[in-house]
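Please look over the sequence and the structure shown here. A short report comes after them.

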Amino acid sequence: MTSVMSFFDIMLVLALPWLGWRLLASPDLFRAVVLFISLGLLMSLTWVRLHAPDVALAEAAIGAGLTGALFLSALRRLERMQDSERRLDYAEKREEERQAPPARRRRSKPIAYGLALLLLVFFLVLLGWSLVKTSVSPGGLGPAVTGQMGQTGVQSQVTAVLLNFRGYDTLLEVMVLFLAALGSWSLTRIRQPLPEEVAAPVLASLVRLLVPLMIIVAGYLVWIGSSRAGGAFQGGAVLGAAGVLLLLADVTVVRQIPSALLRWALVLGPLLFLLSAIACMWIGGNLLEYPRQSAGAWILLIESATAVSIGVTLAALYAGGRPLEPSALEEAGEVASESGGDEGEGE
Amino acid sequence: MNTIFLYNFSGLALFAIGLHGLIRSSHLLRKILAANLMSSGVFLIMIVGAYGTDKGMIDPVPHAMVLTGIVVSVSATAVALALVCLVQETTNRVLLLQKRKKEQGRRTDA
Amino acid sequence: MPDTAFWAVCLVVVPLFFAIICFVRSALVSILGPLAAWLNAIAALGMTVSFVHSGPVRYAIGGWQVPLGINFRIDGLSVLLIAMTAVTGLSVSMYASGYFSLRIGPAREQGRHQHQRAYFWPLWLLLWAALHGLFLSADLFNIYVTLEITGLSAVLLTSLSGKAAARLAAMRYLLVSLLGSCSYLFGVALLYRCYGILDMAVLARLVSPAPLMWVSLALLTTGLVLKTALFPLHFWLPPAHANALAPVSAILSGLVVKASLYLILRLWGDVFAQVLPLAAYLLPGALGCGAVLWGAVQALLQKRLKMLIAYSTVAQLGYMFIALPLIRLDHGSSAWEAVIFLIMSHACAKSAMFMAAGSIFLKAGHDRINDLDGIKEVLPVTSFAFVVAGVSLMGFPPSGAFIGKWLLLGVSLASGQWWWGIMLVIGSLLAAGYVYRVACHLLVFKAPFYARRQFIPPVMEWSALLLAVLAMLLGLFAGYPLGLLEAGSPFPGHACLEVMP
């Protein structure tokens with residue numbers, strides 16, 4: 001058995017960097033993204049092999065799945081823009097290219113490139129050697145965690161670390177997600193499907209079947225997170241995937257969700273987490289110090305709210321931007337801003 | 001546990017390939033892919049460090065760190081991709097370092 | 001009287017809360033934003049006062065002690081930097097509230113301004129909260145998360161202006177930031193592998209020369225140096241800072257670069273100081289010299305005011321890195337104090353310069369230095385603010401920069417490594433060059449100035465002036481910050497009152 005596992009390990013160890021190299025070397029971007037998704041799936045397999053099921057779930061859903069979807073969506077947007085501009089000013093671009101100087105940049109710096117590469121290789125060899133030389137620290141913080149598990153109110157060690165011992169980190173991490181949603185809204189508007197893009201009817205009926213199931217699975221993952229692999233992020237990722245499916249199937253109700261409701265859904269997790277942290281101080285502990293008896297309940301509450309927010313955030317990130325506001329003034333303002341005028345308007 | 005230790009080198013290789021891609025690629029999308037590769041490499045090294053020698057002695061702190069890292073990574077990627085689309089929109093180029101535009105076929109990178 | 005830890009928690013929680021509310025109720029943003037700024041300033045003041053009374057504190061978040069939990073470590077350095085962030089942040093917030101209240105250009109621009117205002121405040125408040133979290137935290141991984149929030153929100157603020165140059169600069173900034181964060185995370189991972197600990201104070205006691213330790217320190221430093229834009233990795237900074245909106249430029253140059261700089265100081269001056277040989281400090285010192293020269297020369301050559309100020313930031317950051325070997329050489333602590341003074345006065349002065357430049361840009365419609373003659377007729381307060389800030393940056397007494405450079409000069413001469421002192425002097429002379437160049441155009445040359453009919457609210461002009469004057473007078477109050485710094489200092493010269501975990 002162990003020789004089979006060793007063989008499996010060696011295959012994985014070799015496959016991961018090879019895939020990484022192939023995906024960067026591939027001239028076709030679509031192929032690169034698909035390879036990236038498969039790399040993500042292989043990585044989640046690796047996490048399972050390394051006894052990290054929580055991470056495997058998160059990687060498969062978020063790292064491979066949602067990130068891949070984001071890349072494909074971005075690729076599509078880029079191509080659409082390139083197509084439309086190609087149709088518009090083909091002659092102009094041809095002229096520009098003829099007059100452009102040849103690309104001397106890359107060819108003229110082989111020495112610098114060679115030196116940098118050498119430095120990198122040297123550094124990596126040094127790193128590898130030092131890793132080999134390091135004596136493995138006995139379990140790191142593992143024994144400490146095991147020792148204190150009784151006071152956490154949960155049975156899963158990873159959940160205990162995430163929401164008890166290092167709950168402040170998780171609070172900030174939830175803020176990072178909120179920041180990403182806020183940022184994508186500040187940058188651009190939601191992608192509108194082109195008139196010729198109509199969702200296939202099969203997809204629509206499949207979505208109608210799958211989405212309720214996914215919601216149930218997400219709820220289960222959040223619930224089970226206190227004792228097995230699971231938790232807010234994994235549940236939230238499944239909810240996000242459900243949201244992405246709804247967007248793909250172009251279910252009209254999704255695009256008509258009022259912006260205010262969407263905003264509240266996005267902040268539900270961060271706000272509740274923050275308020276719970278403050279409430280703990282109010283009760284008389286430190287920040288995020290749950291009362292020992294009901295710690296499990298607090299954690300479940302926080303995780304549920306966070307899972308909902310994470311799902312909405314991930315779907316919003318896929319949607320690509322802020323929803324259309326009803327005011328016509330904003331519309332006019334947007335048209336002006338997208339033309340990017342800088343007539344000394346104070347930068 | 002020799003074969004588990006090999007994963008360290010796998011992570012190192014991923015980091016190196018990602019770093020090389022981040023610096024040398026000219027297409028912005030490829031740079032973002034490379035950045036994701038780099039973080040995957042780092043995560044791999046972290047989780048391998050958490051794998052205990054005896055059964056059941058798994059250090060959960062790196063697992064929590066990697067979970068946080070994955071979420072942070074997807075957030076940064078989402079912002080980066082939105083920004084790439086905007087850059088393309090306003091400057092008509094996605095090749096960050098190149099001063100001229102090359103004629104591109106569909107979905108190909110120069 | 002609430003204690004230090006309570007104020008510290010407020011400093012993180014209040015801006016986060018208001019950022020969320022500003023996002024949900026974007027109509028109320030022009031009230032909630034400045035309100036949050038004032039609350040931040042009050043909390044910082046409360047923490048400073050309480051710190052003066054009770055000394056350094058360690059606060060266990062969640063009630064879990066180190067090494068399991070995350071601690072806030074509130075010592076002199078953190079308090080001073082938070083005070084600096086509070087003052088600078090409040091001024092920039094007041095400036096921004098004036099800036100975004102303007103109706104600029106024809107009526108159709110209103111939409112863009114509403115959009116910018118609606119998103120500026122939540123992003124800025126998140127950035128502010130992350131800065132506070134960074135200065136307060138004692139946990140390496142926690143600092144990674146706050147660094148990410150800082151970097152992402154800075155990038156988003158940079159791209160808020162909507163111009164093509166700003167977006168391109170933001171993209172470059174984001175890629176550099178990702179590279180830096182990944183490198184930092186790698187360093188933290190290796191350190192954890194080596195020592196099994198994430199807390200900085202415990203690490204300082206455990207650290208010993210080992211191959212993995214060197215590698216991880218190199219990775220940490222590389223990541224942080226990328227984010228601080230040390231020469232020669234500074235290429236992303238000038239376009240990003242110059243093309244952003246005026247309040248955003250002030251925030252970026254004044255506060256954001258200080259975050260990673262503070263971390264480098266902590267790591268090289270505190271956590272790893274016992275282990276690093278003197279020779280290791282010469283490299284950042286040399287790069288700092290390069291930064292001072294290169295940044296100042298580039299600043300002299302710039303035609304645009306904001307690019308000049310951005311290159312000046314590159315040069316000024318070089319001083320902080322020149323101070324690193326001096327910190328190591330100095331067996332007292334004057335170099336450490338000098339660096340703090342340099343950081344604080346640079347934050348105030350640079351923000352004031354960018355705020356003034358923003359007002360000038362609005363009034364003149366451009367920021368070409370050569371065409372700004374005579375602007376003092378229409379914007380007297382702003383021109384004066386700019387010149388005062390520039391002069392304080394040069395190191396004119398009694399500014400904080402003067403105190404800092406004076407102390408560094410003293411250390412450099414006392415230790416026999418006089419070349420650092422020469423670099424400081426050359427840098428100051430070059431700074432004088434580019435400041436005088438701008439000052440002549442602003443104040444001296446007479447020409448009729450064709451101003452746009454653009455009303456500049458007084459709050460914009462006066463906030464710049466107040467900050468500049470503060471930078472100038474920082475040296476007068478030298479004793480007070482020095483006293484604060486003594487508490488919890490990592491140096492054996494001071495009584496180390498830090499409560500150890």
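## The model

The model is predicted: local features need pLDDT of at least 70, side-chain atom pairs count only at pLDDT 80 or more, and totals for chains, interfaces and linings use all residues. Residues are numbered from 1 along each chain as its sequence is written, while chains are lettered from A and ligands numbered from 1 in the order in which they are written.

## Chain B

Three helices and zero strands are found in chain B; helices (H or I, at least four residues) and strands (E, at least two) are DSSP runs, numbered from the N terminus. Along the sequence the pattern is α-α-α.

Of the 110 residues in chain B, 65% are buried, that is, with 20 or more other C-beta atoms, placed from the backbone, within 10 Å of their own.

## Helix H1 of chain C

H1(C) runs over residues 4–24 and has 21 residues. From first C-alpha to last it reaches 31 Å, close to the 30 Å expected at 1.5 Å a residue, where the expected span is 1.5 Å times one less than the number of residues.

Because 19 of its 21 residues are buried, H1(C) is largely enclosed by the rest of the structure.

## Where chain C meets chain A

In chain C, 63 residues are in contact with 54 residues of chain A; contact means C-beta atoms, placed from the backbone, within 7 Å. The elements giving two or more residues to this side of chain C include H1, strand E1 (57–60) and helix H13 (334–364). H4(C) gives the most, with ten residues.

Terms used
A residue is buried if 20 or more other C-beta atoms lie within 10 Å of its own, exposed if 12 or fewer, and partly exposed in between; C-beta atoms are placed from the backbone. Two residues are in contact if their C-beta atoms, placed from the backbone, lie within 7 Å.
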